[in-house]
Amino acid sequence: MNIEDEQHAPAVSSPLNPDFAAARARKQPAREQREKKESLKKREAKGVDSARSGTPDVASHGKKSKKKIDVPMALSPIRYKLPAPHRTDFDPPGPPVFTPVMTKAGREFHECTEHVFNRKGYRYIHCICDPEFTNYQYHRQSDTEPYGPRFSFEDASSHILFDSCGRSITTEKGFRTARANVGVREGRWYWECKILSGVRNLNHPGTEGVSRETRGHVRLGWARREASLDTPVGFDAYSYGLRDVAGQKVHMSRPKDFMPSNSDFCEGDVIGMEITLPSLSFHRKIVEGTYNKAVDISDDNDTPSPADAPNIVRDRVPIRFKNHIYFEHFEYHPTKELEDLMNPVPVLTSTSGGSAVNPGAAPPSPNHSSPALRTLPFSSIKVYKNGEYVGEPFSQLLAFLPPASKPLNQLGSRDGLDDAMLGYFPAISVFRGGAAEVNFGPDFWYPPADLASSMADKQDGDIDMIGGGHPAEPAQPISGHRSHVRPLSDRFNEQIAEDIVYDIIDEVDFWAQDTENGEKEGSEPMKKASLSDKTSAVLMGPVDPEAEEVRAVVQEVVNSGGMVGIRREGQIKEVVQEEE
(Lines give C-alpha, C1' and ligand atoms only; values in the text may rest on other atoms or scores of the structure.)
Protein backbone atom coordinates (compact mmCIF):
# COMPACT_ATOMS: atom_id res chain seq x y z
CA MET A 1 0.00 0.00 0.00
CA ASN A 2 1.47 3.28 -1.07
CA ILE A 3 1.26 6.56 0.80
CA GLU A 4 -1.55 7.98 -1.35
CA ASP A 5 -3.73 4.96 -0.65
CA GLU A 6 -3.16 5.26 3.06
CA GLN A 7 -4.23 8.88 3.02
CA HIS A 8 -7.61 7.97 1.54
CA ALA A 9 -8.21 4.85 3.65
CA PRO A 10 -11.28 4.99 5.95
CA ALA A 11 -10.47 5.38 9.64
CA VAL A 12 -13.08 2.86 10.81
CA SER A 13 -14.53 -0.04 8.90
CA SER A 14 -18.32 -0.09 8.77
CA PRO A 15 -21.15 -1.30 6.49
CA LEU A 16 -21.02 2.06 4.78
CA ASN A 17 -17.21 2.07 4.73
CA PRO A 18 -16.08 -1.55 4.25
CA ASP A 19 -12.63 -2.74 4.96
CA PHE A 20 -10.20 -0.87 2.73
CA ALA A 21 -8.00 -3.86 2.11
CA ALA A 22 -10.93 -5.94 0.85
CA ALA A 23 -12.13 -3.11 -1.35
CA ARG A 24 -8.65 -2.66 -2.79
CA ALA A 25 -8.41 -6.37 -3.46
CA ARG A 26 -11.65 -6.22 -5.42
CA LYS A 27 -10.59 -3.19 -7.46
CA GLN A 28 -7.09 -4.40 -8.26
CA PRO A 29 -8.00 -6.72 -11.16
CA ALA A 30 -10.11 -3.98 -12.81
CA ARG A 31 -8.51 -2.23 -15.75
CA GLU A 32 -9.27 1.02 -17.44
CA GLN A 33 -12.37 0.63 -19.62
CA ARG A 34 -11.83 1.84 -23.14
CA GLU A 35 -14.54 2.68 -25.62
CA LYS A 36 -15.23 -0.32 -27.77
CA LYS A 37 -14.93 0.52 -31.44
CA GLU A 38 -16.72 -1.28 -34.22
CA SER A 39 -14.80 -3.31 -36.73
CA LEU A 40 -14.08 -2.06 -40.23
CA LYS A 41 -16.63 -4.42 -41.76
CA LYS A 42 -19.39 -3.13 -39.50
CA ARG A 43 -18.48 0.46 -40.31
CA GLU A 44 -18.54 -0.30 -44.03
CA ALA A 45 -21.90 -2.00 -43.68
CA LYS A 46 -23.31 1.05 -41.92
CA GLY A 47 -21.80 3.39 -44.51
CA VAL A 48 -19.58 5.19 -41.96
CA ASP A 49 -16.46 6.87 -43.31
CA SER A 50 -13.58 4.71 -42.13
CA ALA A 51 -11.15 7.60 -42.45
CA ARG A 52 -12.83 9.39 -39.56
CA SER A 53 -13.55 6.35 -37.37
CA GLY A 54 -10.07 5.46 -36.20
CA THR A 55 -6.98 3.67 -37.48
CA PRO A 56 -7.77 1.39 -40.41
CA ASP A 57 -7.32 -2.32 -39.97
CA VAL A 58 -4.05 -3.43 -41.53
CA ALA A 59 -5.45 -6.88 -42.17
CA SER A 60 -8.08 -5.38 -44.43
CA HIS A 61 -5.48 -5.24 -47.19
CA GLY A 62 -5.26 -9.01 -47.22
CA LYS A 63 -7.08 -11.24 -49.67
CA LYS A 64 -9.44 -12.70 -47.09
CA SER A 65 -10.71 -9.34 -45.92
CA LYS A 66 -11.46 -7.99 -49.41
CA LYS A 67 -15.17 -7.44 -49.83
CA LYS A 68 -16.96 -5.87 -52.79
CA ILE A 69 -19.05 -2.92 -51.68
CA ASP A 70 -22.43 -2.75 -53.39
CA VAL A 71 -22.83 0.55 -55.20
CA PRO A 72 -26.46 1.60 -55.72
CA MET A 73 -27.30 1.31 -59.40
CA ALA A 74 -30.26 2.41 -61.47
CA LEU A 75 -32.91 -0.25 -61.77
CA SER A 76 -33.60 -1.84 -65.12
CA PRO A 77 -36.73 -3.52 -66.50
CA ILE A 78 -37.15 -7.22 -65.98
CA ARG A 79 -36.02 -9.40 -68.89
CA TYR A 80 -38.12 -12.45 -69.56
CA LYS A 81 -37.17 -15.53 -71.53
CA LEU A 82 -39.47 -15.54 -74.53
CA PRO A 83 -40.10 -17.93 -77.41
CA ALA A 84 -38.96 -16.97 -80.89
CA PRO A 85 -41.27 -14.43 -82.59
CA HIS A 86 -43.67 -15.52 -85.32
CA ARG A 87 -43.84 -14.04 -88.77
CA THR A 88 -47.23 -12.48 -87.99
CA ASP A 89 -45.83 -10.75 -84.89
CA PHE A 90 -44.20 -8.20 -87.20
CA ASP A 91 -47.54 -7.23 -88.76
CA PRO A 92 -49.33 -4.10 -87.53
CA PRO A 93 -51.93 -4.79 -84.83
CA GLY A 94 -55.43 -4.95 -86.25
CA PRO A 95 -58.34 -2.83 -85.00
CA PRO A 96 -60.84 -4.28 -82.53
CA VAL A 97 -63.93 -6.06 -83.76
CA PHE A 98 -67.08 -3.91 -83.50
CA THR A 99 -70.48 -5.60 -83.23
CA PRO A 100 -73.47 -3.19 -83.58
CA VAL A 101 -75.76 -3.21 -80.56
CA MET A 102 -77.90 -0.06 -80.52
CA THR A 103 -78.42 3.41 -81.96
CA LYS A 104 -78.70 6.34 -79.58
CA ALA A 105 -78.62 10.09 -80.15
CA GLY A 106 -77.94 9.55 -83.85
CA ARG A 107 -74.88 7.37 -83.20
CA GLU A 108 -74.41 3.66 -83.61
CA PHE A 109 -72.82 1.99 -80.60
CA HIS A 110 -70.91 -1.27 -80.79
CA GLU A 111 -69.63 -3.97 -78.50
CA CYS A 112 -65.85 -3.98 -78.73
CA THR A 113 -64.45 -7.52 -78.69
CA GLU A 114 -61.39 -9.54 -79.72
CA HIS A 115 -59.13 -7.67 -77.33
CA VAL A 116 -57.97 -8.03 -73.75
CA PHE A 117 -59.36 -5.99 -70.84
CA ASN A 118 -57.32 -4.67 -67.95
CA ARG A 119 -57.86 -6.79 -64.87
CA LYS A 120 -56.88 -6.76 -61.23
CA GLY A 121 -53.12 -6.45 -60.92
CA TYR A 122 -52.40 -6.22 -64.67
CA ARG A 123 -52.55 -3.63 -67.44
CA TYR A 124 -52.24 -4.23 -71.19
CA ILE A 125 -50.84 -2.09 -74.02
CA HIS A 126 -50.43 -3.02 -77.68
CA CYS A 127 -46.97 -3.94 -78.89
CA ILE A 128 -45.35 -5.16 -82.10
CA CYS A 129 -42.17 -6.93 -83.17
CA ASP A 130 -39.58 -4.70 -84.82
CA PRO A 131 -36.39 -6.10 -86.43
CA GLU A 132 -34.44 -3.08 -85.18
CA PHE A 133 -35.07 -3.88 -81.50
CA THR A 134 -32.84 -6.93 -81.23
CA ASN A 135 -31.77 -6.52 -77.60
CA TYR A 136 -35.34 -5.81 -76.49
CA GLN A 137 -36.35 -9.18 -77.93
CA TYR A 138 -37.80 -7.46 -81.02
CA HIS A 139 -40.70 -5.86 -79.13
CA ARG A 140 -41.69 -2.24 -78.80
CA GLN A 141 -44.86 -0.39 -77.88
CA SER A 142 -47.49 0.25 -80.55
CA ASP A 143 -51.10 1.32 -81.01
CA THR A 144 -54.15 0.30 -82.98
CA GLU A 145 -56.89 2.01 -84.93
CA PRO A 146 -58.60 4.38 -84.53
CA TYR A 147 -55.54 6.53 -83.95
CA GLY A 148 -55.60 9.66 -81.84
CA PRO A 149 -56.83 10.59 -78.35
CA ARG A 150 -59.94 8.59 -77.46
CA PHE A 151 -61.29 6.14 -74.91
CA SER A 152 -59.08 3.14 -74.28
CA PHE A 153 -60.75 -0.12 -75.34
CA GLU A 154 -58.61 -2.09 -72.89
CA ASP A 155 -58.98 0.36 -69.99
CA ALA A 156 -62.77 0.27 -69.84
CA SER A 157 -65.45 -1.91 -68.34
CA SER A 158 -66.46 -4.88 -70.48
CA HIS A 159 -70.06 -3.58 -70.50
CA ILE A 160 -69.15 -0.27 -72.17
CA LEU A 161 -70.36 0.27 -75.75
CA PHE A 162 -68.31 2.49 -78.11
CA ASP A 163 -68.93 4.30 -81.34
CA SER A 164 -66.64 3.61 -84.29
CA CYS A 165 -64.34 6.55 -83.39
CA GLY A 166 -63.93 5.54 -79.75
CA ARG A 167 -65.04 8.97 -78.51
CA SER A 168 -68.63 8.22 -77.46
CA ILE A 169 -69.78 5.62 -74.93
CA THR A 170 -72.96 4.22 -73.42
CA THR A 171 -74.13 1.12 -71.53
CA GLU A 172 -77.26 -0.84 -70.76
CA LYS A 173 -76.01 -1.80 -67.30
CA GLY A 174 -75.48 0.11 -64.10
CA PHE A 175 -72.66 2.58 -63.67
CA ARG A 176 -69.65 1.57 -65.78
CA THR A 177 -66.55 3.66 -66.43
CA ALA A 178 -64.13 4.18 -69.30
CA ARG A 179 -60.78 5.99 -69.11
CA ALA A 180 -59.01 7.83 -71.91
CA ASN A 181 -55.85 6.52 -73.56
CA VAL A 182 -53.95 9.63 -72.50
CA GLY A 183 -53.14 10.84 -68.98
CA VAL A 184 -51.60 13.96 -67.49
CA ARG A 185 -48.80 14.25 -64.94
CA GLU A 186 -48.04 17.98 -64.73
CA GLY A 187 -49.25 21.28 -66.14
CA ARG A 188 -52.72 22.54 -67.11
CA TRP A 189 -54.95 20.54 -69.47
CA TYR A 190 -58.48 20.87 -70.80
CA TRP A 191 -61.08 18.60 -72.43
CA GLU A 192 -64.84 18.64 -72.98
CA CYS A 193 -67.75 16.24 -72.59
CA LYS A 194 -71.12 16.54 -74.31
CA ILE A 195 -74.16 14.85 -72.73
CA LEU A 196 -75.86 12.84 -75.49
CA SER A 197 -78.43 11.02 -73.37
CA GLY A 198 -79.31 11.65 -69.74
CA VAL A 199 -81.31 14.23 -67.80
CA ARG A 200 -83.70 16.00 -70.16
CA ASN A 201 -83.61 19.77 -70.47
CA LEU A 202 -87.24 20.88 -70.23
CA ASN A 203 -86.32 24.55 -70.67
CA HIS A 204 -85.58 24.13 -74.36
CA PRO A 205 -88.31 25.06 -76.85
CA GLY A 206 -90.40 22.16 -78.06
CA THR A 207 -90.16 20.19 -74.81
CA GLU A 208 -93.64 21.06 -73.57
CA GLY A 209 -95.42 17.97 -72.35
CA VAL A 210 -92.27 15.84 -72.44
CA SER A 211 -91.86 13.47 -69.53
CA ARG A 212 -89.22 14.38 -66.97
CA GLU A 213 -88.11 10.76 -66.86
CA THR A 214 -84.38 10.60 -67.46
CA ARG A 215 -82.79 8.56 -70.19
CA GLY A 216 -79.83 7.42 -68.15
CA HIS A 217 -77.18 9.28 -66.18
CA VAL A 218 -73.64 10.50 -66.82
CA ARG A 219 -70.78 11.30 -64.49
CA LEU A 220 -67.46 12.75 -65.59
CA GLY A 221 -64.16 13.72 -64.04
CA TRP A 222 -60.55 12.67 -63.57
CA ALA A 223 -59.42 9.26 -62.34
CA ARG A 224 -56.14 7.55 -61.51
CA ARG A 225 -55.20 4.06 -62.63
CA GLU A 226 -56.22 2.56 -59.29
CA ALA A 227 -59.85 3.72 -59.70
CA SER A 228 -62.36 0.93 -60.29
CA LEU A 229 -64.02 0.68 -63.71
CA ASP A 230 -67.19 -0.99 -62.41
CA THR A 231 -68.11 1.97 -60.22
CA PRO A 232 -68.86 5.63 -61.10
CA VAL A 233 -66.27 8.38 -61.14
CA GLY A 234 -65.84 9.74 -57.62
CA PHE A 235 -66.67 6.44 -55.95
CA ASP A 236 -63.27 6.08 -54.24
CA ALA A 237 -60.32 8.25 -53.29
CA TYR A 238 -58.67 7.73 -56.68
CA SER A 239 -61.15 9.78 -58.71
CA TYR A 240 -62.89 13.15 -58.65
CA GLY A 241 -66.26 13.38 -60.38
CA LEU A 242 -69.36 15.45 -61.09
CA ARG A 243 -72.96 14.20 -61.07
CA ASP A 244 -75.42 15.19 -63.77
CA VAL A 245 -78.13 15.56 -61.11
CA ALA A 246 -77.78 19.03 -59.54
CA GLY A 247 -74.17 19.15 -60.73
CA GLN A 248 -72.90 17.86 -57.40
CA LYS A 249 -69.22 17.08 -56.89
CA VAL A 250 -68.39 13.56 -55.72
CA HIS A 251 -65.27 12.22 -54.05
CA MET A 252 -65.05 9.03 -51.99
CA SER A 253 -68.81 8.49 -52.62
CA ARG A 254 -69.68 11.72 -50.77
CA PRO A 255 -71.75 14.07 -52.96
CA LYS A 256 -71.64 17.75 -52.07
CA ASP A 257 -73.40 20.74 -53.57
CA PHE A 258 -71.30 22.66 -56.04
CA MET A 259 -73.47 24.10 -58.79
CA PRO A 260 -76.26 26.64 -58.17
CA SER A 261 -79.71 25.21 -57.45
CA ASN A 262 -81.54 23.55 -60.36
CA SER A 263 -78.34 23.32 -62.38
CA ASP A 264 -78.44 19.81 -63.79
CA PHE A 265 -76.16 18.67 -66.56
CA CYS A 266 -78.78 18.03 -69.24
CA GLU A 267 -78.76 16.58 -72.72
CA GLY A 268 -76.88 18.86 -75.08
CA ASP A 269 -74.81 20.53 -72.35
CA VAL A 270 -71.04 20.71 -72.86
CA ILE A 271 -69.02 20.38 -69.67
CA GLY A 272 -65.40 21.52 -69.75
CA MET A 273 -62.89 19.97 -67.36
CA GLU A 274 -59.57 21.65 -66.61
CA ILE A 275 -56.93 20.14 -64.34
CA THR A 276 -53.86 21.82 -62.90
CA LEU A 277 -50.95 19.75 -61.54
CA PRO A 278 -47.60 20.97 -60.20
CA SER A 279 -44.34 20.10 -61.90
CA LEU A 280 -42.97 16.59 -61.48
CA SER A 281 -39.87 17.87 -59.65
CA PHE A 282 -42.12 19.57 -57.09
CA HIS A 283 -44.31 16.44 -56.96
CA ARG A 284 -41.30 14.32 -56.02
CA LYS A 285 -40.55 16.61 -53.11
CA ILE A 286 -44.01 15.84 -51.77
CA VAL A 287 -43.79 12.05 -52.03
CA GLU A 288 -40.17 11.97 -50.83
CA GLY A 289 -41.04 14.02 -47.74
CA THR A 290 -38.71 16.95 -48.47
CA TYR A 291 -41.40 19.56 -49.09
CA ASN A 292 -41.13 22.69 -46.92
CA LYS A 293 -44.01 25.14 -47.12
CA ALA A 294 -41.84 28.06 -46.08
CA VAL A 295 -39.26 27.39 -48.81
CA ASP A 296 -41.19 25.76 -51.66
CA ILE A 297 -43.50 28.68 -52.34
CA SER A 298 -43.86 27.76 -56.03
CA ASP A 299 -43.64 24.58 -58.07
CA ASP A 300 -41.33 25.98 -60.78
CA ASN A 301 -38.54 27.58 -58.74
CA ASP A 302 -36.15 24.68 -59.31
CA THR A 303 -34.75 24.53 -62.84
CA PRO A 304 -34.97 20.90 -63.97
CA SER A 305 -31.70 19.28 -65.01
CA PRO A 306 -31.03 16.02 -66.87
CA ALA A 307 -29.38 14.60 -63.76
CA ASP A 308 -32.67 14.93 -61.86
CA ALA A 309 -34.69 13.11 -64.51
CA PRO A 310 -36.70 10.19 -63.10
CA ASN A 311 -35.73 6.61 -63.77
CA ILE A 312 -38.65 5.23 -65.76
CA VAL A 313 -38.82 1.46 -65.31
CA ARG A 314 -41.46 -0.53 -67.17
CA ASP A 315 -41.65 -4.15 -66.07
CA ARG A 316 -43.64 -5.81 -68.84
CA VAL A 317 -43.74 -9.04 -70.81
CA PRO A 318 -45.18 -9.59 -74.32
CA ILE A 319 -48.16 -11.96 -74.42
CA ARG A 320 -50.45 -13.20 -77.19
CA PHE A 321 -54.21 -12.86 -77.10
CA LYS A 322 -56.41 -13.64 -80.11
CA ASN A 323 -53.86 -12.78 -82.81
CA HIS A 324 -52.73 -9.68 -80.90
CA ILE A 325 -49.56 -9.02 -78.92
CA TYR A 326 -49.77 -7.00 -75.72
CA PHE A 327 -47.32 -5.80 -73.14
CA GLU A 328 -48.56 -7.05 -69.77
CA HIS A 329 -47.70 -4.57 -67.00
CA PHE A 330 -48.08 -4.87 -63.27
CA GLU A 331 -50.97 -2.57 -62.39
CA TYR A 332 -51.03 -0.26 -59.39
CA HIS A 333 -53.39 -1.33 -56.64
CA PRO A 334 -55.50 0.55 -54.07
CA THR A 335 -53.65 1.07 -50.80
CA LYS A 336 -54.98 0.42 -47.33
CA GLU A 337 -54.43 4.04 -46.28
CA LEU A 338 -56.87 5.39 -48.87
CA GLU A 339 -59.37 2.63 -48.19
CA ASP A 340 -59.33 3.59 -44.52
CA LEU A 341 -59.71 7.23 -45.52
CA MET A 342 -62.84 6.39 -47.46
CA ASN A 343 -64.20 4.07 -44.76
CA PRO A 344 -62.80 5.19 -41.38
CA VAL A 345 -62.23 2.33 -39.00
CA PRO A 346 -64.09 2.82 -35.68
CA VAL A 347 -62.06 2.30 -32.53
CA LEU A 348 -63.16 1.57 -28.97
CA THR A 349 -62.88 4.45 -26.55
CA SER A 350 -62.07 3.70 -22.91
CA THR A 351 -64.03 6.64 -21.55
CA SER A 352 -67.42 6.03 -23.11
CA GLY A 353 -67.08 2.32 -23.67
CA GLY A 354 -68.52 2.70 -27.15
CA SER A 355 -67.03 2.97 -30.61
CA ALA A 356 -66.10 6.13 -32.42
CA VAL A 357 -64.10 7.19 -35.42
CA ASN A 358 -60.39 7.41 -34.72
CA PRO A 359 -59.89 11.08 -33.78
CA GLY A 360 -56.12 10.83 -34.14
CA ALA A 361 -56.22 10.14 -37.88
CA ALA A 362 -54.75 13.17 -39.60
CA PRO A 363 -56.49 14.42 -42.76
CA PRO A 364 -54.56 14.35 -46.07
CA SER A 365 -51.94 17.08 -46.34
CA PRO A 366 -48.65 17.72 -48.19
CA ASN A 367 -46.62 16.66 -45.12
CA HIS A 368 -48.68 13.66 -44.04
CA SER A 369 -46.72 10.78 -42.52
CA SER A 370 -48.15 8.39 -45.15
CA PRO A 371 -47.10 9.11 -48.78
CA ALA A 372 -50.48 7.86 -50.04
CA LEU A 373 -52.25 10.60 -48.05
CA ARG A 374 -50.09 13.48 -49.22
CA THR A 375 -51.74 16.16 -51.32
CA LEU A 376 -50.35 18.38 -54.07
CA PRO A 377 -50.25 22.13 -53.49
CA PHE A 378 -51.12 24.23 -56.57
CA SER A 379 -53.33 21.40 -57.90
CA SER A 380 -57.01 21.88 -58.73
CA ILE A 381 -59.89 20.96 -61.04
CA LYS A 382 -62.00 23.66 -62.70
CA VAL A 383 -65.38 23.22 -64.37
CA TYR A 384 -67.00 25.05 -67.29
CA LYS A 385 -70.57 24.70 -68.54
CA ASN A 386 -71.32 25.69 -72.13
CA GLY A 387 -68.27 27.93 -72.17
CA GLU A 388 -68.97 29.70 -68.85
CA TYR A 389 -66.70 29.21 -65.87
CA VAL A 390 -68.57 27.56 -63.00
CA GLY A 391 -66.00 27.13 -60.25
CA GLU A 392 -63.31 24.97 -58.68
CA PRO A 393 -64.85 21.90 -57.03
CA PHE A 394 -61.56 20.23 -56.06
CA SER A 395 -58.13 21.37 -54.95
CA GLN A 396 -55.17 19.78 -53.19
CA LEU A 397 -55.44 16.58 -55.22
CA LEU A 398 -53.82 13.42 -53.89
CA ALA A 399 -50.28 12.63 -55.05
CA PHE A 400 -49.78 9.69 -57.41
CA LEU A 401 -46.02 9.22 -57.88
CA PRO A 402 -44.40 6.28 -56.01
CA PRO A 403 -44.43 5.52 -53.14
CA ALA A 404 -47.93 7.04 -53.11
CA SER A 405 -48.89 4.42 -55.71
CA LYS A 406 -47.95 0.78 -55.26
CA PRO A 407 -48.50 -2.34 -57.36
CA LEU A 408 -50.34 -5.38 -56.12
CA ASN A 409 -48.13 -7.52 -53.90
CA GLN A 410 -47.51 -10.48 -56.19
CA LEU A 411 -44.65 -12.46 -57.66
CA GLY A 412 -42.40 -10.26 -59.80
CA SER A 413 -43.87 -6.87 -58.82
CA ARG A 414 -41.56 -4.20 -57.43
CA ASP A 415 -42.45 -1.15 -55.33
CA GLY A 416 -41.29 2.39 -55.92
CA LEU A 417 -41.17 2.26 -59.75
CA ASP A 418 -42.64 4.85 -62.09
CA ASP A 419 -43.68 3.50 -65.52
CA ALA A 420 -44.42 6.99 -66.93
CA MET A 421 -48.16 6.27 -67.11
CA LEU A 422 -49.07 7.28 -63.57
CA GLY A 423 -51.30 10.33 -63.45
CA TYR A 424 -54.87 11.52 -63.84
CA PHE A 425 -56.94 10.35 -66.81
CA PRO A 426 -60.20 11.76 -68.20
CA ALA A 427 -62.96 9.36 -67.16
CA ILE A 428 -66.70 9.14 -67.84
CA SER A 429 -69.27 6.87 -66.19
CA VAL A 430 -72.62 6.05 -67.84
CA PHE A 431 -75.72 4.48 -66.29
CA ARG A 432 -78.56 2.56 -68.03
CA GLY A 433 -78.72 4.33 -71.35
CA GLY A 434 -76.72 7.43 -70.47
CA ALA A 435 -74.39 8.45 -73.29
CA ALA A 436 -71.61 10.99 -73.63
CA GLU A 437 -69.08 12.18 -76.19
CA VAL A 438 -65.60 13.54 -75.48
CA ASN A 439 -63.60 16.19 -77.28
CA PHE A 440 -59.89 16.30 -76.52
CA GLY A 441 -59.18 19.20 -78.88
CA PRO A 442 -57.76 21.21 -80.40
CA ASP A 443 -61.11 22.23 -81.96
CA PHE A 444 -63.32 22.58 -78.89
CA TRP A 445 -67.02 23.38 -78.77
CA TYR A 446 -66.56 25.99 -76.02
CA PRO A 447 -62.85 26.72 -75.44
CA PRO A 448 -62.09 28.79 -72.32
CA ALA A 449 -60.78 32.29 -72.85
CA ASP A 450 -57.14 31.67 -71.88
CA LEU A 451 -57.01 28.49 -74.01
CA ALA A 452 -58.44 30.32 -77.01
CA SER A 453 -55.88 33.12 -76.65
CA SER A 454 -52.95 30.72 -76.28
CA MET A 455 -54.10 28.74 -79.32
CA ALA A 456 -54.38 31.96 -81.32
CA ASP A 457 -50.85 32.97 -80.34
CA LYS A 458 -49.64 29.52 -81.36
CA GLN A 459 -51.26 29.84 -84.77
CA ASP A 460 -49.85 33.34 -85.35
CA GLY A 461 -46.34 32.09 -84.68
CA ASP A 462 -44.99 35.52 -83.63
CA ILE A 463 -41.66 35.17 -81.82
CA ASP A 464 -39.61 38.00 -80.34
CA MET A 465 -36.04 37.49 -81.50
CA ILE A 466 -33.15 38.32 -79.20
CA GLY A 467 -31.40 41.45 -80.39
CA GLY A 468 -34.44 42.78 -82.25
CA GLY A 469 -36.43 45.89 -81.64
CA HIS A 470 -38.12 44.46 -78.53
CA PRO A 471 -36.41 42.57 -75.71
CA ALA A 472 -37.26 38.90 -75.61
CA GLU A 473 -39.48 37.99 -72.70
CA PRO A 474 -38.65 34.86 -70.72
CA ALA A 475 -40.62 31.86 -71.93
CA GLN A 476 -43.40 30.72 -69.64
CA PRO A 477 -42.74 27.28 -68.15
CA ILE A 478 -44.60 24.46 -69.86
CA SER A 479 -44.96 22.48 -66.64
CA GLY A 480 -46.46 23.74 -63.43
CA HIS A 481 -49.54 25.63 -62.34
CA ARG A 482 -48.40 28.88 -63.99
CA SER A 483 -48.24 27.38 -67.48
CA HIS A 484 -50.78 28.01 -70.22
CA VAL A 485 -53.77 25.71 -70.38
CA ARG A 486 -53.40 23.29 -73.28
CA PRO A 487 -55.69 20.86 -75.12
CA LEU A 488 -55.36 17.23 -74.14
CA SER A 489 -54.59 16.35 -77.75
CA ASP A 490 -51.17 17.99 -77.26
CA ARG A 491 -50.51 15.71 -74.34
CA PHE A 492 -51.36 12.70 -76.52
CA ASN A 493 -48.59 13.66 -78.96
CA GLU A 494 -46.17 14.15 -76.07
CA GLN A 495 -47.09 10.74 -74.70
CA ILE A 496 -46.28 9.09 -78.04
CA ALA A 497 -42.89 10.82 -78.14
CA GLU A 498 -42.18 9.66 -74.57
CA ASP A 499 -43.08 6.06 -75.48
CA ILE A 500 -40.64 6.15 -78.39
CA VAL A 501 -37.85 7.56 -76.23
CA TYR A 502 -38.41 5.05 -73.41
CA ASP A 503 -38.45 2.14 -75.88
CA ILE A 504 -35.09 3.28 -77.23
CA ILE A 505 -33.70 3.75 -73.72
CA ASP A 506 -34.74 0.21 -72.76
CA GLU A 507 -33.12 -1.12 -75.94
CA VAL A 508 -29.85 0.67 -75.14
CA ASP A 509 -30.05 -0.48 -71.51
CA PHE A 510 -30.36 -4.15 -72.52
CA TRP A 511 -27.58 -3.74 -75.08
CA ALA A 512 -25.33 -2.33 -72.35
CA GLN A 513 -26.18 -5.25 -70.06
CA ASP A 514 -25.33 -7.74 -72.80
CA THR A 515 -22.03 -5.96 -73.48
CA GLU A 516 -21.13 -5.90 -69.78
CA ASN A 517 -21.88 -9.59 -69.42
CA GLY A 518 -19.70 -10.49 -72.40
CA GLU A 519 -22.48 -10.88 -74.94
CA LYS A 520 -21.27 -10.58 -78.55
CA GLU A 521 -22.77 -11.29 -81.93
CA GLY A 522 -23.02 -14.99 -82.60
CA SER A 523 -22.65 -15.96 -78.94
CA GLU A 524 -24.96 -18.18 -76.94
CA PRO A 525 -27.87 -16.60 -75.06
CA MET A 526 -27.16 -15.41 -71.58
CA LYS A 527 -27.47 -18.00 -68.86
CA LYS A 528 -27.91 -15.59 -65.99
CA ALA A 529 -30.77 -13.28 -65.20
CA SER A 530 -29.88 -9.59 -65.36
CA LEU A 531 -32.28 -8.38 -62.69
CA SER A 532 -31.30 -6.04 -59.90
CA ASP A 533 -34.17 -7.19 -57.67
CA LYS A 534 -33.21 -10.75 -56.67
CA THR A 535 -36.57 -11.37 -55.02
CA SER A 536 -38.36 -11.67 -58.36
CA ALA A 537 -38.35 -15.38 -59.02
CA VAL A 538 -39.08 -15.40 -62.75
CA LEU A 539 -37.41 -17.15 -65.64
CA MET A 540 -35.49 -14.51 -67.55
CA GLY A 541 -32.94 -14.07 -70.30
CA PRO A 542 -33.13 -12.57 -73.77
CA VAL A 543 -33.90 -14.46 -76.95
CA ASP A 544 -30.72 -15.05 -78.91
CA PRO A 545 -30.97 -12.66 -81.89
CA GLU A 546 -28.61 -14.92 -83.86
CA ALA A 547 -30.57 -18.13 -83.34
CA GLU A 548 -31.39 -19.80 -86.66
CA GLU A 549 -35.18 -19.72 -86.29
CA VAL A 550 -35.16 -16.07 -85.18
CA ARG A 551 -32.75 -14.98 -87.88
CA ALA A 552 -34.85 -16.66 -90.54
CA VAL A 553 -38.02 -14.88 -89.44
CA VAL A 554 -36.34 -11.48 -89.24
CA GLN A 555 -34.68 -11.88 -92.62
CA GLU A 556 -37.99 -12.85 -94.17
CA VAL A 557 -39.62 -9.72 -92.74
CA VAL A 558 -36.85 -7.45 -94.05
CA ASN A 559 -36.82 -9.03 -97.51
CA SER A 560 -40.61 -8.89 -97.86
CA GLY A 561 -40.78 -5.23 -96.93
CA GLY A 562 -42.56 -5.93 -93.67
CA MET A 563 -40.77 -2.99 -92.08
CA VAL A 564 -42.70 -0.70 -94.39
CA GLY A 565 -45.91 -2.02 -92.91
CA ILE A 566 -44.58 -1.36 -89.45
CA ARG A 567 -43.91 2.23 -90.39
CA ARG A 568 -47.43 2.59 -91.80
CA GLU A 569 -48.91 1.28 -88.58
CA GLY A 570 -47.33 4.07 -86.58
CA GLN A 571 -48.05 7.07 -88.75
CA ILE A 572 -48.77 9.28 -85.76
CA LYS A 573 -45.61 8.15 -84.03
CA GLU A 574 -43.49 8.82 -87.12
CA VAL A 575 -44.91 12.34 -87.50
CA VAL A 576 -44.23 13.14 -83.85
CA GLN A 577 -40.76 11.65 -84.09
CA GLU A 578 -39.95 13.84 -87.10
CA GLU A 579 -41.19 16.92 -85.24
CA GLU A 580 -39.01 16.07 -82.25
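**Close-up views of a predicted model**

**View 1. Two cysteines, Cys165 and Cys266.** Cys165 counts as partly exposed because its relative accessibility is 37%; buried means under 20% relative accessible area, exposed over 50%, and partly exposed in between (1.4 Å probe, protein chains only). Cys266 has a relative accessibility of 8%, so Cys266 counts as buried. Zero disulfides turn up in a search of the whole structure, a disulfide being a pair of cysteine sulfur atoms within 2.5 Å. This is a predicted model, in which local features need pLDDT of at least 70, side-chain atom pairs count only at pLDDT 80 or more, and totals for chains, interfaces and linings use all residues. Residues are numbered from 1 along each chain as its sequence is written, and side-chain values use heavy atoms, with hydrogens and water left out.

**View 2. The largest nonpolar core, with 65 residues.** A nonpolar core is a set of buried Ala, Val, Leu, Ile, Met, Phe, Trp, Tyr and Cys residues joined through side-chain atoms within 4.5 Å. The residues with the most contacts inside this core are Trp191, Leu220, Met273, Ile275, Tyr424 and Ile428. Apart from it lies another core of nine residues, including Ile78, Val116, Tyr122 and Phe330. In soluble globular proteins, nonpolar side chains tend to be buried together.

**View 3. The surroundings of Tyr424.** Contact here means heavy atoms within 4.5 Å.

**View 4. Glu331 in a loop.** Glu331 sits between strand S16 (324-330) and strand S17 (332-333); helices (H or I, at least four residues) and strands (E, at least two) are DSSP runs, numbered from the N terminus. Its relative accessibility is 6%, so Glu331 counts as buried. Beyond four places in sequence, Glu331 is in contact with Gly121, Tyr122, Arg123, Arg225, Pro407 and Leu408.

**View 5. Helix H4, residues 280-288.** Seven of the nine residues of H4 are buried: Leu280, Phe282, His283, Arg284, Lys285, Ile286 and Val287. After H4 comes Gly289, with a positive phi near 80 degrees.

View 6. Confidence is highest in strand S23 (residues 425-431), at 98, and lowest in helix H9 (residues 562-569), at a mean of 38. Over residues 47-72, pLDDT stays under 50.

Key
pLDDT = per-residue confidence, 0-100.
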